[in-house]
Amino acid sequence: MESLSGLSLAVVLAALGLWVMVSRRNLVWKLLGLGVASGGSILFLVALSHRPGVRPPILGLGPGPAADPLPQALVLTAIVIRFATLALALALVILLTEHRHTQDSRRLEEEE
Amino acid sequence: MKFLLVCGLAGLLGLLGAGLIGIWPRPEFPDSDPVAKAWGVANAVAAVVLGVRLWDTIFEVLVYVVAMVGVRFFLLGMRWHGELPPVAETPLLRRSADLLLGPVLVFALYLVASGHIGPGGGFPAGAILGSALLLLALAKGVERLSAELYEPRLERLEYVVVVFLLFLGAVVLILGVRAPAAFVAANLLVAVEVAIGAWAVLHRFASARGEV
Amino acid sequence: MNAALAGILAYFGLGFLGIVFGKGRETAALAILAGLVSLGLWAPGFPEEVVGGPPWGIAVAGDFWALGIWGLALFLHAATLLHAWPKDQLRHALITLLVGTCLAGGISRDLFNLYVVLELSSLLSVILIAYEGRSAAVWAALRYLFLAGLGMTFYLFGLGLVYGRTGLLSLSALAQVETGDMASRIGAGFLLAGAATKTGVFLLGLWLPKAHGQAPTEVSLLLSGLVVKVGVVAIARLVEAFPLGPILLALGILTGFGGILYALRETDLKTMLGHHTVSQLGYMLLGLGVGAWEGTLMYAVAHGLFKGLLFLSAGEAVEKSGVRSIAELSGKIPRPAALGLALGSLAIVGLPPLAGFAAKGLLSLGQPLWVKTIFFSLSVGTAASFAKLIPLFRGQGTGRFGGIPLLDAGVLGLGILGLLLFPELLTLKAWAEAFSAAGLGVIAYLLLRARLPALPKLTLDHAFLAAVLTAVILGSLALVA
Amino acid sequence: MVAVLLCVLALALAIFALTGKRLLWGVIGVGAHSLVLAGLYLVLAAPDVALTEAAVGFGLVTFVYLLALRRTGKIVVAASPLYPLLYPEGAGIAGLEWEILTRFARWYHRDLELIWVPRAEIPRLLRSGEAHLGAGGFLPVPEDGLAYTKPLLPTRLVLVRLGEGPRGAVAGEPTGKHADPTGKLFEDAAELAHALARGEVGEAVTDLLRLREWTMQDLFSEAETQLVPGEYGFALAVPPQDEELYRSLTEFLAELEKSGELAELLRRYLG
């Protein structure tokens, strides 16, 4: 149940984020959309590591079988990578606004 | 355009939904306890991140450092010119930041030291430390704090830490050393690395504006 | 395995030491040396091993793909170092890190490790593309970053589906289990879509022409010559594990002709070369689709050499004259660059005895007639779009040599080596085919020059939309194929 | 059960954040969304991931966004001076429109930069993207293809007759339409006043505020004035391609009017 709701939320979040990414014209909004979409993919992996009645994958933390540690470890990596990409993208957005005075993707496309 | 987008997203939802239904029946999870024990730690996630899949984690740290190199490089020399909006320096803010800094530091150190036996580890510890530094900057003023934490030296320290981490990776992956001490060392290196990086990027973003 | 890992770690370590001490150039030379030593130690290859041990370790293998990527990477890095020697130190350090990442991508056989490697390579590429801070280049880099983020979201979902169903991440383990069920098929489709977006396959990764065109000279060389090839190797590994062959065939045809269509109309020299990288990607995808592994690898290496040569010469010409458009450039190109452009164009069109001829011949060797026809028409299209460069082949005055002679020698040497190793290419028929494709292409260009149709502009929003739609189509195809 | 609740909450927060109009609320909403996701990870037996998501995905990401938002661009306003709407005062700038613009910039998280240009230049600057807003006693001309806000202040056009000679007006303004075919067009109102004073033109078409300015400076006190039929109003101009800015600006002005602040400002500057 927990796992299934997490998985479905992940898929919906991906669609929502991509929707914002395509339909909004401001670059920062697009970044927010991308963040939500990639957050969905992270939630997807975490939800995969869960199964009814599991405990966290740490020795001696409650009864029952442990959750799958591998997706959790992968997700740690993915979260940090997401932050790194975001920071670089925002720095580039700032640089671009400094030169071109706009964040509207269509106007950035036009003025060349 | 809107119509195509709706079609695409509906297709995406449908495909991923179909895939979701298709993942059952799923294989049994492999038992993680023996792996954790084999690496001499209690936290299986830490055993995977800093042991079994250290090769990935090295790349993760490289991604982080490279992004910070890029942020520094692009925002260098971009200072706010013109009138600065005054920042209200309230004693309350400064006092509370001073009060908060101690516990935050202790918490971060705890996360580093216990990352191999409980939840925690270098990444959250470093991020918390970096945010705490920004809090301090909020209270003291960015320029004053960055005068105290001389940046070029910090930057160099960050890269030296990466080189150490690469060396540690070689020791663990190629020589096959498995010890809890290696985990604490890796967590510490990662925490220092992430904290310096976070501080540097936040500071760059802040001073590109002039004042937090 | 240990030699390869140590070589990669040495590459990264030397890159960062270059930043710390401000001596990127010297440490880059040392890194190339370390890479060569490491390659020499594992040279004939090593069987698949698991770094970190089972059950969750990372599979790496020194197969022929790894060998090809390593050789290409070290050669191109040497050429870049030679060419960009006077440029600033940080650039050399970042390039060293980028090459190190590609080395790691060459040996990786793990789904998640490929993800991390691709992310690192795209972050480094973004920084290097925007390095000079011109706003057109910054915008191209940002477009790349956005589309790469989109691609990686697809990739992670695909990875989740495959892992959720099978519990495996190692590609060779996946190749041995049954992956015919719904979740694995859809997952494989999304994995392919993600990797293809990162690589720059047509309609998924529409960032590529602009980014490669706007990057600094030696960076375009590495991006087109090397980074794209790592994406191709990632796709090749996916094809080995999942039944994606027919899809790649379709994708290859689309990519090949789409790139040529845009290249025909393009007037900016470097962006046109970028469009051509897309169309050449089509060849490689087709090769993977029909299962011609050696031919694809040969093509990847040959393309790395001649496209590197083209970008180096074009960049030299653009930097020297200060104009980018093909029409304005004629008569303003120094002799070494003009010679490089001519040699590279002849190689990409596939004239003997250059590297392009050997690679194309090897790709279509023993293929059925319809595959040969597709390759032939792609060659005609390539010749047609390169016909407008003919006025640029006459150089004026002397200029810097830089890394151009090294790549000249590489293009010629690989071509001759290919002919010596595969004497079946030395037939009159093959040579006649190559020359007739080139001739037909030039004639087609002269006929079509005035009546090329207008093509839709590749804006960021269009690129997003195209990527989402194509990913969905890929997923559905993977489900039904 | 807790997991389902958290899922619903996370989805609601994401929808709230991504469908809003203001970027600041979007960033805060996405931050809250990540925090809820961190809670969800805790429920899904992944404490390590929860901690990292809270520290990196929530903490650092929100910080970086907030810092970047303050720097992500400025609005360039192209304007010609008109007392008391927008005029240089000492080294700075003052006026009714300036108050509105600074408030809008704060609301929209942008810095404000003002360049003084002749009135006739403004539409070109807006169309080419060199400026984002036109201001400074800007009278709308529907045919020039720009988007206008609702009039901030109604006005009328007047004909100022001083003697014999051609009729003068300002190029690009609606007053230009009332200059007869033999009339002369000037770059802005100051030049027009000069020409009128020197007798290059005998009469001039202008608006009530400029007439007031001239009267206060004691120019043309002997001139005859005559109202021209038709209602006009000062507004802010936005380039046609910048729909987002236009939407935000009209929304902001509506808020300003509803809260009564606009009326207060009008009273302060125009008495």
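Biologist: In this predicted model, how many of the ten residues of helix α16 of chain C are buried?

Modeller: Happy to start there! Helices here are DSSP runs of H or I with at least four residues, numbered from the N terminus, and α16 of chain C spans residues 355-364. Buried means under 20% relative accessible area, with a 1.4 Å probe and protein chains only. The buried residues include F357(C), K360(C) and L362(C), and the count for the helix is ten of ten.

Biologist: Good to know! How should I read the numbering and the cut-offs?

Modeller: Residues are numbered from 1 along each chain as its sequence is written, while chains are lettered from A and ligands numbered from 1 in the order in which they are written. As this is a predicted model, local features need pLDDT of at least 70 and side-chain atom pairs count only at pLDDT 80 or more, totals for chains, interfaces and linings use all residues, and side-chain values use heavy atoms, leaving out hydrogens and water.

Biologist: What area is buried between chain C and chain B?

Modeller: The size of an interface is often given as the accessible area lost when the parts come together. Here that loss is taken with a 1.4 Å probe and summed over both parts. The contact takes 55 residues from chain C and 49 residues from chain B. Carbon and sulfur atoms give 84% of the buried area, which is about 4600 Å².

Biologist: And which residues of chain C lose the most area to chain A?

Modeller: In this pairing, 40 residues of chain C are in contact with 40 residues of chain A. The buried area is about 3400 Å², 80% of it from carbon and sulfur atoms. Together giving 19% of what the chain C side buries, the residues are W139(C), F146(C) and F157(C).

Biologist: Finally, what radius of gyration has chain D?

Modeller: The C-alpha atoms of chain D fill a box of roughly 90 × 35 × 35 Å along the principal axes. By the globule rule, 2.2 Å times the number of residues to the power 0.38, a compact globule of 271 residues would come near 18 Å. Taken over C-alpha atoms, the value for chain D is 25 Å.

How values were computed: Contact means heavy atoms within 4.5 Å. Buried area is the accessible area (1.4 Å probe) that two parts lose on being put together, summed over both. Buried means under 20% relative accessible area, exposed over 50%, partly exposed in between (1.4 Å probe, protein chains only). Helices (H or I, at least four residues) and strands (E, at least two) are DSSP runs, numbered from the N terminus.
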